[in-house]
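I opened this entry to keep track of what I looked up, one topic at a time. The notes follow the order in which I checked things.

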Amino acid sequence: MDIRTAQKLAWENKLAKGFNTTDTALEFGLLTAEIGEAFTAWRKHLPDLGEELADVFLYLVAVAEMNDIDLDEEVARKIDKNTRRVYERNAHGALIRTSGG
């Protein structure tokens with residue numbers, strides 16, 4: 001399943017179930033909570049890490065949908081941009097972008 005389809009299906013589910021579809025700030029808060037749950041699952045080696053990461057994705061695509069953003073297009077654009085970037089380590093060993101968008 002591509003991102004665009006997942007975004008559409010997640011949105012349709014929110015509408016059908018009566019979940020939040022208008023309050024972007026609330027959705028960001030819920031997304032943050034889901035990130036915390038995913039981190040806890042990872043840290044404690046819980047078996048539901050994949051499900052928690054899916055929850056993060058679903059809240060993320062909801063924020064995108066609330067703001068008329070096609071996340072499929074944005075992810076493709078960002079991956080392309082990142083592949084054109086060049087990084088080099090500075091004297092302290094930190095990676096510093098030296099070229100690219």
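**Buried side of α3.** I asked which residues of α3 are buried, meaning under 20% relative accessible area, with exposed over 50% and partly exposed in between (1.4 Å probe, protein chains only). They are E52, V56, V61, A62, V63, A64 and M66. I then looked up what these buried residues pack against, and found α1 (3–17), α2 and α4 (71–84). Contact here means heavy atoms within 4.5 Å.

**Ground rules.** I am working from a predicted model, where local features need pLDDT of at least 70 and side-chain atom pairs count only at pLDDT 80 or more, while totals for chains, interfaces and linings use all residues. Residues are numbered from 1 along each chain as its sequence is written, and side-chain values use heavy atoms, with hydrogens and water left out.

**Length of α3.** Helix α3 covers residues 49–66, which is 18 residues. From its first C-alpha to its last I read 26 Å, close to the expected 26 Å. The expected span is 1.5 Å times one less than the number of residues.

**Overall layout.** I noted 4 helices and 2 strands in the protein. Their order along the sequence is α-α-α-α-β-β. Helices (H or I, at least four residues) and strands (E, at least two) are DSSP runs, numbered from the N terminus.

**Overall dimensions.** What is the radius of gyration of the protein? I found 17 Å, whereas a compact globule of 101 residues would have a value near 13 Å. The radius is taken over C-alpha atoms, and the globule rule is 2.2 Å times the number of residues to the power 0.38. Along the principal axes, the C-alpha atoms fill a box of roughly 55 × 35 × 25 Å. Of the 101 residues, 20% count as buried. For contacts between residues at least 6 apart in sequence, 45% join residues at least 24 apart.

**Aromatic rings.** I searched the whole structure for aromatic pairs and got 1. The ring centres of F39 and W42 are 5.7 Å apart and the planes stand at 35°, so I logged the pair as tilted. Rings of Phe, Tyr and Trp (its six-membered ring) pair if their centres lie within 6.5 Å; planes under 30 degrees apart count as stacked, over 60 as edge-to-face and the rest as tilted. F39 and W42 both sit in helix α2 (residues 24–43), 3 residues apart, about one turn of the helix. F39 is partly exposed at 46% relative accessible area, and W42 counts as exposed at 52%.

**R4.** R4 lies in helix α1 and is partly exposed, with a relative accessible area of 38%. Which residues does R4 contact, leaving aside neighbours within four places in sequence? I found D70, D72 and E73. R4 and D72 are 68 residues apart in sequence, yet their C-alpha atoms are 5.2 Å apart in space.

**Positive phi.** Most residues other than glycine have a negative phi, so I listed the exceptions I came across. H45, in the loop between α2 and α3, has a phi near 55° and is exposed at 71% relative accessible area. D68 lies in the loop between α3 and α4, just after α3. Its phi is also positive, near 55°, and at 73% relative accessibility D68 counts as exposed.

I checked how β1 (residues 86–89) and β2 (residues 95–99) pair: the sense is antiparallel, over 4 bridges. Two strands pair if DSSP finds at least two bridges between them. The bridge partner of V86 is S99 in β2, and R89 stands opposite L95.
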